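Please read this briefing beside the sequence and the three-dimensional structure. The notes below are grouped by topic.

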Amino acid sequence: MIPFLDLKPAYAELKPGLDAAYARVMGSGWFVLGREVEAFEQEYAAFCGTRHCVGLGNGLEALELTLRAWDIGAGDEVIVPSNTYIATWLAVTAMGAKVVPVEPTPAGPNIDPGNIAAAITSRTKAIMPVHLYGEPADMDAITAIARKHGLKVIEDVAQAQGAKVRGRRTGALGDAGAHSFFPTKNIGAFGDGGAVTTDDPALAERLRALRNYGSRVKYVNIERGYNSRLDEMQAAFLRVKLEKLDEWNERRRVLAARYDDRLSGVSGLGLPRAPQWAEPVWHLYVVRTTRRAELTKALDAAGIGSLVHYPIPPHLQQAYADLGLPRGSFPLAETLADTVLSLPIGPHMTTESVDAVADVVRRSAQ
């Protein structure tokens, strides 16, 4: 059996540090917005290369609260990828703003900067690129467009903690970076968690109020806020994992290179190809095939886990039926939804397991 992702080995590897973190928090008697959150915010900001980090309840709220902090809402438009997880769209519409989808590049999963300018109107306030599968979007091109039109840029970094664009880490490439620490992420908590990284002190200050009921001083509420706080226990655990993040991402790169080698030349199989300027962190290893059902069946029969990220693009979800975007509206996103398949990858997977997966994929193609 080769699971799609096994989370148990992470605890086995980090047990002394994680157990010490647990004991430290329990012994402190302080569980919300304390020293562990403050320390993690400082350490994670330093890791990303930003001046500020604000710990939040989850990745979706990191996106939402950033938009709220910029006063983006009803009557405004936000450019989003057509090919993404629905959370990207949910954050925009939760604020009352309108999503304006833009197709991915023909060669990769991320938003095509070449199509963004045509989507900008007088109502556009922000661009929200997603670093899908751990492959960073072309942030230099995106930010150049944003600066020309006076737009904010918020990176969705949920799948790409530690990735780089021309040597700079994701989360530090736009006006803000929204991070998810869901357990399956490259740096995942043992529960939900999120954060926003930014160089903007005003944004960071407002986020700190918004996450805590709109309050900076206890019982003094300066605006209508939220309850979205990274708790002390998860922050303590994340501090332990952060020390391993670069190493674990490097393990993922080794496995991705092994897949590339073992799957090269397989008929009808499209392999991921990152641009030369990008340093992916391989949150997922995603192939493309028109024979997905047959390949999935072969993998299942061999006891190998696989998943589709994502089978239904946001514009075809019932949640967005009111937008009136029928099949054919975004053909590139729809084609990806019909053909992508994620193979197992993770920092505790072995190269032998990669070889076993590749053998099944090769046999299935014959």
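In this predicted model, Arg 292 belongs to helix 9, which covers residues 292–301. Arg 292 is buried and yet forms no salt bridge. The points below begin with the surroundings of this residue and then turn to other parts of the chain.

**The surroundings of Arg 292**

- The nearest side chain of opposite charge to Arg 292 is that of Asp 338, at 5.0 Å.
- A polar atom of the Arg 292 side chain lies 2.8 Å from the backbone oxygen of Val 340.
- When neighbours within four places in sequence are left aside, Arg 292 is in contact with Val 308, Leu 336, Ala 337, Asp 338, Thr 339, Val 340 and Leu 341.

**The nonpolar cores**

- In soluble globular proteins, nonpolar side chains tend to be buried together.
- The largest nonpolar core contains 29 residues, of which Leu 67, Val 78, Val 92 and Met 128 touch the most other members.
- Two or more residues of this core come from each of strand 1 (52–56), helix 3 (59–69), strand 2 (77–81), helix 4 (87–94), strand 8 (176–180) and helix 6 (201–210).
- Helix 3 makes the greatest contribution to this core, with five residues.
- Without counting residues up to four places away in sequence, Val 92 touches Leu 67, Val 78, Val 80, Ala 97, Lys 98, Val 99 and Met 128.
- Another core, of 23 residues, lies apart from the largest one; its members include Leu 295, Ile 304, Ile 345 and Met 349.

**Cysteines**

- How many disulfides does a search of the whole structure find? The search finds zero.
- Cys 48 is in no disulfide, and the nearest cysteine sulfur to its own is that of Cys 53, 7.0 Å away.

**Backbone details**

- The peptide bond from His 309 to Tyr 310 is cis, and its omega is near 15°. Tyr 310 is located in the loop between helix 9 and helix 10 (331–339).
- Asp 71 has a phi near 60°, a positive value in a residue other than glycine. Asp 71 is found in the loop between helix 3 and strand 2, and is exposed, with a relative accessible area of 56%.
- Tyr 213 is not a glycine either, but has a positive phi of about 65°. Its place is the loop between helix 6 and strand 10 (215–217).
- Is Tyr 213 buried, partly exposed or exposed? Tyr 213 is partly exposed, with a relative accessible area of 43%.

**Ala 356 in helix 11**

- Ala 356 is part of helix 11, residues 351–365. This residue is partly exposed, as its relative accessible area is 29%.
- Beyond neighbours within four places in sequence, Ala 356 is in contact with Ile 2 and Ile 304. Ile 304 is also one of the members of the core of 23 residues.
- Ala 356 and Tyr 85 stand 271 residues apart along the chain, and their C-alpha atoms are separated by 29 Å.

Notes:
Residues numbered from 1 in each chain as written. Predicted model: local features only at pLDDT ≥ 70, side-chain atom pairs only at ≥ 80, totals over all residues. Heavy atoms only, no water. Helix = DSSP H or I, 4+ residues; strand = E, 2+ residues; numbered from the N terminus. Buried < 20%, exposed > 50% of the residue type's maximum accessible area, 1.4 Å probe, protein only. Lys, Arg positive; Asp, Glu negative; His and termini not counted. Salt bridge = Lys/Arg side-chain N within 4 Å of Asp/Glu carboxyl O. Polar contact = N/O pair within 3.5 Å; in protein donor to acceptor, adjacent residues only side chain to side chain. Contact = heavy atoms within 4.5 Å. Core = buried A, V, L, I, M, F, W, Y, C linked by side-chain atoms within 4.5 Å. Disulfide = S-S within 2.5 Å.
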